[in-house]
Amino acid sequence: MKTTKSSMSPFLCFSFFFVLQFPLISFSKTTLAGARFPSSLITPEKVSASAQNKLYRTKYFTQILDHFNFYPKSYETFQQRYLISDTFWGGAKNNAPIFVYTGNEGNIEWFAQNVGFLYETAPHFKALVVFIEHRFYGKSIPYGGKKSVAYSNATTLGHLSSTQALADYASLIIDLKKNLSATDSPVVVFGGSYGGMLAAWFRLKYPHVTIGALASSSPILNFENITSPYSFRNIVTQDFKSVSENCYKVIKGSWEQIENTANQPGGLELLRKSFKLCKNSVEYLEDWLSTAYAYTAMTDYPTPSNFLSPLPAFPVKKMCAAIDDPTTGNDTFAKLYGAANVYYNYSGTVTCFDLNNNSDPHDLGGWFWQACTEMIMPTSGSNKDSIFPASDWDYKDQASVCKSRFGIEPRPLWVTTEFGGHDIERVLKRYGSNIIFFNGLRDPWSGGGVLKNISNSIVAIVAKEGAHHVDLMFKSSEDPEWLKDVRKQEIKIIAKWISQYYHDLAQLF
């Protein structure tokens with residue numbers, strides 16, 4: 001199979017978050033048309049209105065458009081959504097803490113309905129829980145709340161950036177504390193995936209606003225010559241290979257078989273029927289399969305989940321069980337179809353897969369802009385041992401796509417200029433404090449995470465069997481002991497931060 005160079009395909013990683021730069025193979029043609037978010041291929045199960053009401057109340061904050069300039073247009077405003085839960089809050093009079101989730105690249109309700117750690121930890125600390133939506137996502141849309149205007153060109157999208165988002169969070173938190181007469185309540189920020197990156201950066205940029213940050217599965221090192229572009233796919237490969245050598249070999253060898261079939265008379269129709277694809281969508285088959293493997297590896301949770309899609313516990317094992325199923329004999333396509341069903345159709349309700357479906361139920365559309373401006377995260381390298389087709393990451397390819405789409409040039413060095421990343425241990429040891437970096441080693445993004453303690457207060461918690469921000473998900477009676485221990489460690493560290501804050505506050509008076 002020929003080696004292809006990768007164009008940019010923006011997928012959400014929880015984050016979440018992030019751009020997965022798979023080669024978009026339309027049967028030997030590299031094309032931007034295959035760009036997909038995982039949620040565009042599934043219909044997420046929604047939490048009922050009554051459940052939402054029990055979790056949080058919805059509020060809005062009048063936010064400034066541009067925090068960093070003083071042009072007349074900078075003072076325009078938009079309504080920024082945030083969700084608040086005060087069920088267990090000890091109140092302003094007691095200086096009870098405030099837990100803030102720094103929103104990701106998507107609808108904030110999606111995260112608020114999946115990130116259970118804040119709600120479940122709040123009673124212990126008598127904390128107020130707040131989820132803040134990221135600008136340009138969900139219902140927090142500038143320019144009158146109209147996406148058609150906000151997303152229309154580079155001039156309007158120019159106000160979508162991580163630095164503007166962090167300033168939003170600071171402004172909202174300060175105003176909220178003032179309105180609640182809770183100016184002395186300590187704030188701890190939490191985030192997973194891109195939200196985890198924001199949480200860590202928020203602690204570094206706004207230490208006067210937050211006393212600490214839990215940054216889960218946050219690949220803050222996945223930039224410019226810090227993390228290998230082969231790291232992401234190497235981890236996906238190892239996840240499958242560790243479960244079944246045969247499973248690994250079948251997936252690895254399938255790409256050439258798919259392309260050979262596609263190039264034969266009647267081959268496309270055979271593929272469409274083999275994978276039960278709706279008409280006119282077979283050209284995205286390889287991208288569709290790549291997405292399933294990567295996102296199943298990311299969400300290889302030890303309990304059933306419904307974050308990206310309804311999945312069983314240990315979904316990588318389930319995928320490999322389908323591939324290793326002896327009843328499929330030597331029918332590679334039947335094996336792959338069974339594996340894809342684990343990710344896309346575990347509920348068994350889909351009759352055919354429409355790969356041309358461009359719906360975006362989680363409101364992730366702004367990520368394409370971020371991946372073309374500052375979030376240049378090389379992940380698409382595949383070596384000869386990868387389960388994906390061999391490919392190299394080439395910045396020029398990505399820059400070309402971004403220039404064509406938005407008329408702008410990416411700034412691959414900006415994130416490390418603004419937030420750092422190089423020599424992070426030496427640098428943060430001198431001026432950073434109170435950050436927890438959690439990473440699960442089965443998560444493909446862990447290769448770009450902080451995996452070692454930097455100081456006594458900047459701590460790395462690493463779980464060998466962990467997946468993408470699994471520590472932040474709602475707890476389950478089926479949680480393994482290692483996951484329970486991770487959460488206990490996190491709670492103990494946060495308790496220490498808060499205790500120290502109260503001690504320091506008492507000293508002032």
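Visitor: Is Cys-352 buried, exposed or partly exposed?

Guide: Cys-352 is partly exposed, because its relative accessible area is 33%. Buried means under 20% relative accessible area, exposed over 50%, and partly exposed in between, using a 1.4 Å probe and protein chains only. Before we go on, this is a predicted model, where local features need pLDDT of at least 70 and side-chain atom pairs count only at pLDDT 80 or more, while totals for chains, interfaces and linings use all residues. Residues are numbered from 1 along each chain as its sequence is written, and side-chain values use heavy atoms, leaving out hydrogens and water.

Visitor: How many disulfides are there in the whole structure?

Guide: A disulfide is a pair of cysteine sulfur atoms within 2.5 Å. A search of the whole structure turns up 3 of them. Your Cys-352 belongs to one: its partner is Cys-278, with the sulfur atoms 2.0 Å apart. The torsion about their S-S bond is about 90°, so this disulfide is right-handed.

Visitor: Which parts of the chain does that pair link?

Guide: Helices here are DSSP runs of H or I with at least four residues, strands are runs of E with at least two, and both are numbered from the N terminus. Cys-278 sits in the loop between helix H10 (267-274) and helix H11 (285-298), while Cys-352 sits in the loop between helix H13 (332-344) and helix H14 (367-373). The two cysteines are 74 residues apart, so to speak, in distant parts of the chain. Cys-278 is buried, at 14% relative accessible area.

Visitor: Where are the cysteines of the pair Cys-372 and Cys-402?

Guide: Their sulfur atoms are 2.1 Å apart, and a torsion of about -85° makes the disulfide left-handed. Cys-372 lies in helix H14 and Cys-402 in helix H15 (residues 395-406), 30 residues apart. Cys-372 is buried, at 0% relative accessible area, and Cys-402 is buried, at 0%.

Visitor: What is the torsion for Cys-247 and Cys-320?

Guide: That torsion is about -75°, so the disulfide is left-handed. The sulfur atoms are 2.2 Å apart. Cys-247 is buried, at 0%, and Cys-320 counts as buried, at 1%. With the bonded cysteines numbered in sequence order, the pairing reads 1-3, 2-4, 5-6.

Visitor: Now the sheet: in what order do its strands come?

Guide: Strands of a sheet pair through backbone hydrogen bonds, either parallel or antiparallel. Here, two strands pair if DSSP finds at least two bridges between them. In this model 8 strands form an open sheet in the order S2-S3-S5-S4-S6-S7-S9-S10, with mixed pairing. Strand S2 (57-64) and strand S10 (458-463) are the edges, each pairing on one side only. For an example of pairing, look at strand S3 (residues 77-85) and strand S5 (residues 128-132), which run antiparallel and are joined by 4 bridges. Ser-85 stands opposite Val-129 in S5.
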